[in-house]
Amino acid sequence: MKKVLITGGHGDIAQAIVRKLANAGGYEVKAPGRWELDVTDTRAVTKFIEEFTPDILINNAGYVFPQSVKNCEIDNDKKALDINLFGTFNCTAAVLKRNVKALIINIGSSAATKVHGTWSAYCASKAAVVMATRCWAEDGIYAVCISPGRTATKMRRGLYPDEDQNTLLRPDDFATIVLYAVEGRYKPGEHINVSLQNVEALVNV
């Protein structure tokens, strides 16, 4: 049984990954929510990893608070950077200290490469995760980044309550691509963008 840790475990994408791994079999999965594992708390992360050292880490915790930098509440931008970027570093470093052969799968976002005027902290943090993934791969770590496009999640519904759900990627379909990464199908450092338009082709590769 390979051990898998999924951060931000109560979100729709995380829960879809949990289901996909359960169906595949052979995995012991822990998917703590933010109250169980604060990815920005170094001591809490270290303690959690000491008690459950994964073979596969899926950095999924994320936070977005749309606002213009012209009149922003800076604490919200700091929170986005802390969770999306520092949290990814924090969890990855803690896991690799105990299991240097662990697979690192970072959940990015299409926002890493697309401009959103009031999402600067989120876009910047996700772009940094893509680059960190490439650097870690060059450093000899199996790390890949998988970025969902517009996805039917609770978080997105909160941001865009009137959006046509039929135009969005389904979490279960995205989770299939994550399973492929768990199985080691992608090259270290690879960045896979997943959208409603290309997911079928990616699933059938």
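How are H1 and H6 oriented to each other? To find out, select residues 12-24 for helix H1 and residues 171-182 for helix H6, helices being DSSP runs of H or I with at least four residues, and strands runs of E with at least two, numbered from the N terminus. Their axes come within 8 Å and cross at roughly 60 degrees, where axes are lines fitted to C-alpha atoms, for helices over the stretch in contact, and angles run from 0 to 180 degrees between N-to-C directions. H1 and H6 are therefore oblique to each other, a class left over once angles under 35 degrees count as roughly parallel, over 145 as roughly antiparallel and 65 to 115 as roughly perpendicular.

This is a predicted model, in which local features need pLDDT of at least 70 and side-chain atom pairs count only at pLDDT 80 or more, while totals for chains, interfaces and linings use all residues. Residues are numbered from 1 along each chain as its sequence is written, and side-chain values use heavy atoms, without hydrogens and water.

Next, select the sheet, an open one of six strands in the order E2-E1-E3-E4-E5-E6 with parallel pairing, two strands being paired if DSSP finds at least two bridges between them. Strand E2 (27-30) and strand E6 (191-194) stand at the edges with a single partner strand each, so one side of each lacks a neighbour in the sheet.

Within the sheet, select residues 103-107 (strand E4) and 143-148 (strand E5), which run parallel and are joined by four bridges; Ile 107 has Ile 146 of E5 as its bridge partner.
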